[in-house]
Amino acid sequence: MTQLPVLKGQEIIAALSKIGYIQVRQRGSHIRLECPGKKSITVPNHFVGRGLLRKILRDTRLTVVEFLKLIK
């Protein structure tokens, strides 16, 4: 099993924007992303731990390997 890195919120947003997610609003340090036909997600604009990152990947229906390809 591939271990997830600890990333900044902006790095996660940049990776998700490659598959069609766009920022629709921000309240404080939380950024809301939407993509047509997919579940909307909220990403905090600070360091994101492995547990929350795994939840984000589950909501976006990405595997760890697919996500790691997006951040490179």
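Predicted model: local features only at pLDDT ≥ 70, side-chain atom pairs only at ≥ 80, totals over all residues.
Residues are numbered from 1 along each chain as its sequence is written, and side-chain values use heavy atoms, with hydrogens and water left out.

**T60 in helix α2**

- T60 belongs to helix α2, residues 50–60. Helices (H or I, at least four residues) and strands (E, at least two) are DSSP runs, numbered from the N terminus.
- T60 has 5% relative accessibility, so T60 counts as buried. Buried means under 20% relative accessible area, exposed over 50%, and partly exposed in between (1.4 Å probe, protein chains only).
- Neighbours within four places in sequence aside, T60 is in contact with L16, Y21 and I41. Contact means heavy atoms within 4.5 Å.

**The buried face of helix α3**

- Helix α3 covers residues 64–71, and V64, F67, L68 and L70 are buried there.
- Seen down the axis of α3, these buried residues fall within an arc of 155°, so they line one face of the helix. The arc is that of the directions from the helix axis to the C-beta atoms.
- The buried residues of α3 pack against β1 (7–8), α1 (9–17) and α2.

**Salt bridges around D59**

- The structure holds 2 salt bridges. A salt bridge is a side-chain nitrogen of Lys or Arg within 4 Å of a carboxyl oxygen of Asp or Glu.
- D59 pairs with K39, and their closest N and O atoms are 3.6 Å apart. D59 lies in helix α2 and K39 in the loop between β3 (30–34) and β4 (41–44), so the pair ties together parts that are 20 residues apart in sequence.
- D59 also forms a salt bridge with K55, with the closest N and O atoms 2.9 Å apart. Both D59 and K55 lie in helix α2, 4 residues apart, about one turn of the helix.
- Shared partners join K39, K55 and D59 into one salt-bridge network.
- D59 counts as buried, at 19% relative accessibility. K39 is partly exposed, with a relative accessible area of 47%. K55 is partly exposed, at 34% relative accessibility.
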